[in-house]
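Please read these notes with the structure open beside you. They take up the interface between the chains and then some of the charged pairs.

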Amino acid sequence: MRRFWRVWLVLSVVVVAQANEETLSVYRKLLGALVPKKIVRVYVEEPKLKAILKHSRKLQVVDDPFRADTAVLDRREAYLDLKQRALREGKRLPLLVARRFRLFRDYEEFVAAFYWKKGRKQFLFLSSRLKRYGIVLTPDFEYFIVDRL
Amino acid sequence: MLFFVERLKTAALVVILALFALFAVHIYKTVSAGTRYLKELEAKQAAEYAARIASLIADETENLSSEHLENSRAESIDKINMLLRTFMTEEYRYLYIVRKNGPKTFNILYDASGKSDRSEPFFPRDEAFYDAYEKGEALLVSGRKKEAPDEVWRTMLYPLKDANGSVNGMVVLELSSAHIEKIEGVRRSLDRLFKTAGVAAGIFAFIVFYGLIYYYRWYVWHYIDGITYAKNRTYLSDFMRKYTLKSYGVALIDIDGFKHVNRSVGAEGGDMILRRFAKNLKTMLPFGSEVVRTVGAEFFVMVPQRAFKKRSLEEMLRNVSDTLGKKQYVSPDGKKASFTLSVVAVEELPLQSVSELSVLLHFLDEKMFLVKSKGKNSILLVEDDQAEALRFKNSEYVKTLLENGGIACLYQPIVNMKTKKAVKYEALVRLVDPDTKKQISPYLFMESLKGTSHYIKLTKMVLSEVFLQLERYDKIAISVNLDLSDLLNEELIEAIEWYLKSHRGCASRLTFEIVEDQEIKDFEKVRKTLERLRRYGSQIALDDFGSGFASYRYLVKLDWDILKIDGSLVKELENNTKKAKNVLASIKAVADLNRYVLIAEFIENETFCTLLTEIGIVLGQGYFFAKPDTLRNLIEQGHTVKCVS
């Protein structure tokens, strides 16, 4: 019986590891496209995502959003807090990536969005915002660039 | 026969396994076909389903007009969402209606999950969406593409056209992988089973293959003669132990004078000739025959008896001798050689034939000696009755005969040639076949019993019978045979002593005829043993005096009561009367001086009687007086023996 549980545990870990590997790969690619640096410093709001991205060699997860090159946010409140703090402390916001469409739609500071819809990976970029930040994306992401919402 | 039965069993097992495998494959294919059918059925139903959805949407949106489809009133959206929700079953993962918005994006207008934001662009990441929308044709798309969702098996795209035929939207019905997994459940299990079985079979096949190679190498090393590539003695020995030669005719073939061949063509040439000979021999024999190189230039062949329906073994071997014996062989360096063959054959080995190779070869060797001594280059077919002797070389069989059939004692009278009266009877033991009741001569079986516990048992049985007769007939004397080697067997001597002790009253009427089967090395021990036998009044006779080791030295070294002159000496009276008479007379003189009773064996006619009595030898034994018979029959003749001419 013990052997069975050991095998099951190992298999579970393998399966979970595979799922995490895909998430890691997506963010590595996205954030790498947004910030052309060898190692991109990233602030992550969501703890689970944070735990996954910590394993990346190309991404450095930081706790201070203002030390990050980019921040991945889920909630409107997180964005508002960040913005207030930026204003208060006179600091510049990092490049923002939204994990929900509405967050991306409602706030101009978000330069990219990534989420899942109908089982499909959805990236979203607005051409005007990319231009504003002077970001030129790789051809892989061109499909997801729209002119307006 | 057993050999082929074993192979048949293996073949039958292989056939059964193959049939089982075929059956398993058939089940697998049936299940796969069934699963495929169910899946196709699902796909077909999806198309009908999407059409029905479209029809209901059409009712709600003024026949799918663009304006009504895009109606952004909340209650309208909710209503249609709810409608879509009613269509959601466990077979479907997603159900929504999209509308194209720009060259690459869609918007989700209605969603069975009720969660969509119409302003949100939807990237389907599948060219099929664009194709179906542009062409206005329903399309069923496989979910096996790179960017396709894992949870979707297939996607049904059903364009919604208005009255003018314009596509204003598209129903997207995505069939669930989980549901299909259930349908595929049995097939996947079978698939896994087959894959596992396949891997196991692959490993097994590898092991078997490797095992076969190993077995082949071992087989060649163990059973194949390195020079001729025929089978070797080990093969034959193992074959005889496992199976039986009962259904084979056998022969021993010896190449005459191969030593000279070797000398003339050299060792390498000789080996080559042997190799070719063995190969040719094999091809000349019927299917199922084996050629075994026993030693040197000697081959043992076994031919299945079923082949004798067409040609007898003798004919086959004659053909071999004529063909291969006349053939001229050329060595690698161009030297020529030819030779003749000497052959001994047995067409049918008897039942319960010997299972030891050495005994069989010894038997055939003895016959080969006869062939060679008659000038070689000939074939000797051993007669059935001679071959019968082989049966008795099987010690286990002989022991069984002794256990089940027992013994019979025949007696031959020792006669006073003057009075023609029997003075003594020599006991001659016979084995009795329990099935046929046939009596078997000790010449055939004694060698198999010698040295075994059954020999002592036989001796006890003989003594029991003899003492029974001595007690039954209180006036007669009987002699029994013992070998010199028996005198050195303490267990046997003790057994004899016990009988003598138990039958003291008749022990003095018993004579032990000592037959020399080997040269005496320890005279002192033999002397002491003879003394022990004499202790109860029995007499000691030296048998076969005048032949073999039974020389005058024995007369000096040991004490005897009786000398029995060997029949070969007596026989010489026929051919060399004068010389033989002189020799026999000298023996008579020695006997007289030492007070030995003298008995002449092999008396076959009246002439012998006359000549011997002239010399003064009065006692004789032989067919002239009586053939071995039961004591009762002989006694009934009243101690008077009819002379048989």
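1. A polar contact is a pair of N or O atoms within 3.5 Å; within protein, one must be able to donate a hydrogen and the other to accept it, and residues adjacent in sequence count only if both atoms are side-chain atoms. By this rule, 16 residue pairs, both at pLDDT 80 or more, are in polar contact across the interface of chain A and chain B.

2. This is a predicted model, in which local features need pLDDT of at least 70 and side-chain atom pairs count only at pLDDT 80 or more, while totals for chains, interfaces and linings use all residues. Residues are numbered from 1 along each chain as its sequence is written, chains are lettered from A and ligands numbered from 1 in the order in which they are written, and side-chain values use heavy atoms, with hydrogens and water left out.

3. Counting contact as heavy atoms within 4.5 Å, the interface draws 18 residues from chain A and 23 residues from chain B. The buried area, meaning the accessible area (1.4 Å probe) that two parts lose on being put together, summed over both, is about 1,800 Å², and carbon and sulfur atoms give 52% of that. On the side of chain A, K118(A), R120(A) and Y143(A) supply 43% of the area that this chain buries against chain B, more than any other three residues.

4. The rule finds 5 salt bridges across the interface of chain A and chain B, a salt bridge being a side-chain nitrogen of Lys or Arg within 4 Å of a carboxyl oxygen of Asp or Glu. K118(A) forms a salt bridge with D111(B), and their closest N and O atoms are 2.4 Å apart. There is also a network of salt bridges that links R76(A), R102(A), R105(A), D106(A) and D117(B).

5. Which residue meets K83(A) in a salt bridge? The partner is E109(A), at 3.0 Å from N to O; E109(A) lies in the loop between α4 and β5 of chain A and K83(A) in helix α3 (residues 76-89), 26 residues apart. Helices (H or I, at least four residues) and strands (E, at least two) are DSSP runs, numbered from the N terminus. E109(A) counts as buried at 18% relative accessibility, whereas K83(A), at 31%, is partly exposed; buried means under 20% relative accessible area, exposed over 50%, and partly exposed in between (1.4 Å probe, protein chains only).

6. In chain B, D483(B) and K450(B) form a salt bridge with their closest N and O atoms 2.1 Å apart. D483(B) is in strand β18 (residues 478-483) and K450(B) in the loop between α13 (442-449) and α14 (453-472), so the pair ties together parts that are 33 residues apart in sequence.
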